Each structure stands twice: as C-alpha cells, then as structure tokens.
2 protein chains.
Amino acid sequence: MKSEHIPKATIERLAVYLQILGNLGRDGVNIISSDKLAQACKVNPSQIRKDLAYFGEFGVRGVGYYIQELITAIKQSLGIDRHWYCALVGVGNLGRALLRHNEFARRGFIIRGAFDCDQDKIGKVESGLEVICSKRLKTKVRDLGLEIGIITTPPERAQRAADYLVESGIKGIINFAPARIAVPEPIPVEYVDYFHQFYALAFHITLSQHRA
Amino acid sequence: MKSEHIPKATIERLAVYLQILGNLGRDGVNIISSDKLAQACKVNPSQIRKDLAYFGEFGVRGVGYYIQELITAIKQSLGIDRHWYCALVGVGNLGRALLRHNEFARRGFIIRGAFDCDQDKIGKVESGLEVICSKRLKTKVRDLGLEIGIITTPPERAQRAADYLVESGIKGIINFAPARIAVPEPIPVEYVDYFHQFYALAFHITLSQHRA
DNA sequence: TTGATTTTGTTACTTTTTTCACAAATCAGC
DNA sequence: GCTGATTTGTGAAAAAAGTAACAAAATCAA
Ligand SMILES: NC(=O)c1ccc[n+]([C@@H]2O[C@H](COP(=O)([O-])OP(=O)(O)OC[C@H]3O[C@@H](n4cnc5c(N)ncnc54)[C@H](O)[C@@H]3O)[C@@H](O)[C@H]2O)c1
Ligand SMILES: NC(=O)c1ccc[n+]([C@@H]2O[C@H](COP(=O)([O-])OP(=O)(O)OC[C@H]3O[C@@H](n4cnc5c(N)ncnc54)[C@H](O)[C@@H]3O)[C@@H](O)[C@H]2O)c1
C-alpha cells in the first residue's frame with residue numbers, strides 16, 4: 001500500500017507490536033498470525049494488518065508473519081534500524097540517570113554529548129562523557145554528528161535549551177521537562193511526562209467507581 | 001453537556017492544558033480564551049471547548065476562562081483533586097529514583113508502600129519507607145489504603161507483580177516494565193515507556209528527511 | 001494436480017473524532 | 001438600558017480512524 005499520511009496511533013501501536021514480538025522471539029516463537037498478535041496486543045487483527053500495510057507487505061498469506069522478519073520490517077519503518085547520536089542538555093538528577101541507563105545504547109540511541117550551563121558541572125565526567133558548556137552545542141552537534149536533543153533541564157529553562165539545540169542544527173527533540181516548547185516548523189518534538197499516565201489512571205479508576 | 005464516553009485523546013489533552021495553565025497561572029495570568037490557550041497547546045480552539053464540554057461548563061461567554069477555576073475544574077474532572085496512595089513493586093534503580101522524586105507527593109500521588117521479593121532488600125529503608133516482602137502486599141494494601149500499583153520490576157517479572165497487586169485488591173496499575181500484562185477486566189493499566197517517544201521521533205525525522 | 005484450509009492485503013463500510021459555524025451569554029462604553 | 005464587540009457551548013458537517021468482509025495467495029493432504 002505505502003501511503004502518505006500515517007496516523008499517530010499507528011506509530012504508537014508499532015512500538016507495542018515491536019515490544020511483544022521481541023518477547024515472543026525470545027521465547028522461541030518463529031511465526032505468528034495477525035490474529036494471535038492482536039490478542040497479545042489487545043487490538044483488532046485488521047488493525048494490525050492495516051498498520052503494517054502503510055509500510056509494505058511483510059506477511060505470507062495462509063501462513064502469517066515470520067517474527068524476525070517482521071521485527072526488522074517494523075524497525076525499518078520506524079527508522080530505528082540504525083544508530084542515532086543524541087545530545088543531552090541538563091546534567092541533573094534525571095540527566096545523570098539517563099546517561100547511566102545502558103538501555104539507550106542497546107536500543108540504538110547513543111548519548112554522545114552531555115551539556116550543562118552550570119560552571120560547577122562543566123568539565124566533570126559523567127558515564128564516560130565530559131560535561132560541556134551548552135554554549136558550545138553548535139560545534140559539538142556538527143563534530144559529533146548529533147541528531148536528537150534530549151532536554152532534561154528544569155521546565156523554565158526548557159525553551160532556552162530548545163533554542164540552543166535548534167540553532168545548533170539538531171533534527172529533533174525529546175523534552176522531559178514539564179513545559180511546552182516552541183521550535184521552527186520542520187523540527188519534531190516529543191514530550192515525555194509520566195504524570196500524564198498517572199492522571200489517565202486516576203481518571204479511569206474514578207470513572208469506574210462512579211459507575212459502580 | 002456531561003457525556004458518557006470520553007476519548008482517550010481528550011484525557012491526554014486535558015493533562016497538557018493543565019500543564020500550560022499551571023505555567024500561565026504562575027506567570028500571573030488570570031484569564032485566558034480558548035483561542036489563546038489553543039495557540040499555546042497547538043490545538044484547535046473548538047477542540048478545547050469540546051474537551052471541556054464533556055465535563056461541564058467552566059467558561060464565561062464573552063470573557064474566557066478564569067485560569068485558577070479552570071485548573072480546579074480539570075483536576076476534578078480527571079480525579080486528581082485528591083490524594084492517591086500508591087504501592088511501588090520492585091525497589092531497583094528505577095524504583096529508588098521514583099521513591100526519591102518529590103514531585104509524586106507534590107502532585108498527589110503518595111507512595112506509601114515499597115515492595116520487593118529480594119531478601120537482601122527487604123527490611124532496608126528507602127526514602128523513609130521500609131521495603132516489604134511482596135508476599136505481604138494484600139495486608140498492606142488494605143491497611144495503608146493503597147489504590148494504585150506501580151510496577152518497576154524487570155519485564156519478565158511484571159506479570160507476577162501484576163498478579164500480586166490484583167489479588168491484593170489494587171484499583172489500577174502503572175507499568176514501567178517494557179512488557180504487556182494481563183489483568184481482569186475492570187482494572188485499568190497504563191504503560192510508561194519513553195522509548196515509544198524516541199521511536200516516534202526517529203520516525204518523524206526519517207520521514208522529513210525522506211521528503212527532502 | 002486438485003480441492004480444502006488458512007491467513008494475508010485491501011476495499012467497502014461503520015464509528016469516532018475533529019472542525020466549522022453560529023446562537024446564546026457577557027461585558028464595556030455610552 | 002441599549003449597542004457592539006467578544007467568546008463560549010453545541011449541533012451539524014467533515015475528516016479520520018477503526019472494523020468487517022472477502023478475493024488473492026500460500027500450504028498441505030490426497
Ligand atoms: N528527577 C526526576 O526523576 C524527574 C522525572 C521526570 C521529569 N523530570 C524533569 O526533568 C527535569 C530535570 O529534573 P532534575 O531532577 O534532573 O533537575 P536538576 O535540577 O537536578 O537538573 C537540571 C540541570 O539542568 C541544568 N540546566 C539548567 N538550565 C540549563 C540550560 N539552559 N542549559 C543547560 N543546562 C541547564 C542545571 O544546571 C542542572 O544541572 C525537570 O524539568 C524535571 O521536572 C525529573
Ligand atoms: N533504570 C531505568 O532508568 C529504567 C528506565 C525505564 C524503564 N525501566 C524499567 O524498569 C524496570 C526496573 O528497572 P531497574 O533498572 O530498576 O531494574 P533493577 O533490576 O534495578 O530492579 C528491579 C527490582 O525488582 C525486584 N523484583 C523482581 N521481581 C520482583 C517481584 N516479583 N516482586 C517484587 N519485586 C521484584 C528486584 O528484586 C529488583 O530490586 C525494568 O523493567 C526496566 O526495563 C528502567
């Protein structure tokens with residue numbers, strides 16, 4: 001099919017499929033039908049086939065999907081069949097935790113530059129990376145080939161961090177600070193805030209209690 | 001309006017509105033129109049009015065919304081105008097980080113029980129909480145009035161942790177482990193995995209590069 | 001080789017969500 | 001207290017997303 005616009009929800013589901021396929025693969029399963037996968041993901045089987053159809057034909061009729069092939073196909077579709085070099089801005093509690101979290105490298109997101117504006121932090125080494133003055137972002141983004149910016153500053157500094165990143169020629173931003181940021185049109189921004197999930201949970205619990 | 005079913009997307013947006021209204025409120029703004037708020041959130045103004053209409057009438061025609069009142073109204077709608085006592089299961093790197101993160105209490109999610117199955121960890125004190133054997137979840141959930149379970153075990157243990165929590169009478173679960181869990185029908189589960197956002201970002205960057 | 005069986009890919013249909021458009025409400029100025 | 005300028009709340013229209021249904025492809029038993 002290979003269509004133009006792809007729903008945001010499809011991208012989210014592809015990430016879920018990937019997670020479940022990974023677990024199945026590790027359990028030694030080789031082939032799965034859209035029906036079985038749908039059960040595991042709690043979605044409609046047509047939904048899975050349609051989501052995949054946006055990117056190509058990955059299954060075998062009458063058989064199903066070869067799990068390893070499908071994983072490869074989804075990774076390719078999402079653009080995670082490669083490494084992404086990242087710049088982390090704001091080496092505080094959260095920043096340090098992320099720098100230490102090996103899962104990033106394992107999944108292909110390699111934090112190759114750590115930046116802060118605090119003189120006390122600049123020059124210190126954290127998880128093998130020297131903390132660099134955020135004023136020097138531009139040179140480093142170019143020299144190290146950084147493409148993704150990770151913002152872990154306090155919320156009131158997030159916009160400034162974003163401005164630095166954009167000016168440096170970064171291609172996309174993940175913002176962990178609980179503040180919206182404004183960036184020029186073509187640069188995508190994703191927000192990470194797990195309180196959203198806590199709110200959603202509180203809402204659902206309250207709702208079901210209200211019904212009872 | 002006060003309608004029955006509320007879109008998942010609406011709940012997500014309410015969390016965003018709340019964030020932005022909070023920042024505006026701190027900046028000393030008292031009143032805002034759906035148009036202005038929409039600009040700040042990058043959504044359609046009708047969208048905001050409709051989202052709010054699911055829960056009631058909170059604005060004043062010809063004037064706009066009183067920020068403090070609107071914040072209160074949204075918190076009430078989401079069910080976060082109160083405290084929620086939480087059980088954290090799995091006191092490892094992430095678990096400890098969450099226990100130390102004051103923001104939880106500040107937002108009304110109070111982690112009141114920390115559980116682990118590792119004998120070496122049980123009995124130790126972490127952020128003022130004694131780590132308790134997960135076998136004792138049932139008693140503690142009842143005695144401490146815990147309503148939300150937070151899973152921070154390795155992925156292969158997430159299902160077991162979920163089973164314990166469900167059996168203990170927990171009302172909802174937040175799962176930080178990258179694995180889907182199965183729970184009986186009425187219990188809501190929310191998943192936290194920031195790699196989904198990294199995947200989405202990689203996808204969007206790849207897409208825009210492909211177009212260029 | 002044929003026919004029965006399975007399961008995909010895709011089109012047609014249904015439902016949900018978003019956007020538009022405007023009457024109803026509010027307020028400031030005269 | 002009326003007039004004009006705003007801005008909400010909501011029903012109707014449009015767009016998008018999700019589901020169902022089925023032809024096309026693959027496999028396997030006979
Ligand atoms: N700590 C957590 O567990 C946690 C969890 C979720 C979200 N967050 C969010 O992540 C952000 C960071 O939290 P934290 O606890 O690490 O805070 P922190 O104060 O420990 O760290 C912030 C760091 O950012 C640096 N900084 C400030 N302005 C900067 C700038 N313009 N350029 C570069 N660096 C700058 C500071 O020097 C500091 O080192 C906050 O927005 C917080 O709300 C934190
Ligand atoms: N470390 C991070 O920054 C990070 C970030 C995002 C997600 N995660 C996810 O969070 C989870 C925990 O990560 P971590 O780094 O803290 O791992 P960890 O190994 O440090 O901690 C896991 C803890 O869970 C306990 N545990 C195991 N089975 C249990 C059970 N059945 N009941 C109660 N406790 C049990 C273990 O004893 C251990 O203390 C993992 O699934 C990981 O993928 C971690």
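Which of the 21 residues around ligand 1 come nearest? They are Asn93(A), Leu94(A), Asp116(A), Lys121(A) and Thr153(A). Please keep in mind as you read on that this is a predicted model.

**The site around ligand 1**

Within chain A, helix H5 (93-100) and helix H8 (155-167) each supply at least two residues of the shell. By class, the shell around ligand 1 divides into 10 nonpolar, seven polar and four charged residues.

Several polar contacts can be picked out here. An oxygen atom of ligand 1 lies 2.5 Å from a side-chain N or O atom of Asp116(A), and an oxygen atom of the ligand is 3.5 Å from a polar backbone atom of Val91(A). Cys117(A) takes part through a polar backbone atom, 3.5 Å from a nitrogen atom of ligand 1. On its own, ligand 1 has 830 Å² of accessible area, and the protein covers 81% of it.

**The site around ligand 2**

Turning to ligand 2, we find 21 residues around it, the closest being Asn93(B), Leu94(B), Asp116(B), Lys121(B) and Thr153(B). Residues from chains A and B surround ligand 2, so this site is also shared between chains. The shell holds 10 nonpolar, seven polar and four charged residues.

| Residue | Atom of the residue | Atom of ligand 2 | Distance |
|---|---|---|---|
| Asn93(B) | backbone N or O | oxygen | 2.9 Å |
| Leu94(B) | backbone N or O | oxygen | 2.8 Å |
| Ser134(B) | side-chain N or O | nitrogen | 3.4 Å |

Taken alone, ligand 2 exposes 830 Å², of which the protein buries 80%. In chain B, helix H5 (93-100) and helix H8 (155-167) are the elements that give two or more residues to this shell.

Domain 1 (8-78) and domain 2 (84-195) of chain B each contribute at least three residues to the core. As general background, nonpolar side chains tend to be buried together in soluble globular proteins.

For chain A, the domain assignment gives domain 1 (8-78) and domain 2 (84-195). The C-alpha centres of these two domains of chain A lie 32 Å apart.

Key: Residues are numbered from 1 along each chain as its sequence is written. Chains are lettered from A and ligands numbered from 1 in the order in which they are written. This is a predicted model: local features need pLDDT of at least 70, side-chain atom pairs count only at pLDDT 80 or more; totals for chains, interfaces and linings use all residues. Side-chain values use heavy atoms; hydrogens and water are left out. A residue is near a molecule or strand if one of its heavy atoms lies within 4 Å of it. A polar contact is a pair of N or O atoms within 3.5 Å; within protein, one must be able to donate a hydrogen and the other to accept it, and residues adjacent in sequence count only if both atoms are side-chain atoms. Accessible areas come from the Shrake-Rupley method with a 1.4 Å probe; for residues, only the protein chains shown count as cover. Helices (H or I, at least four residues) and strands (E, at least two) are DSSP runs, numbered from the N terminus. Ala, Val, Leu, Ile, Met, Phe, Trp, Tyr, Cys and Pro count as nonpolar, Asp, Glu, Lys and Arg as charged, and the others, Gly among them, as polar. Domain bounds come from an automatic or database domain assignment.
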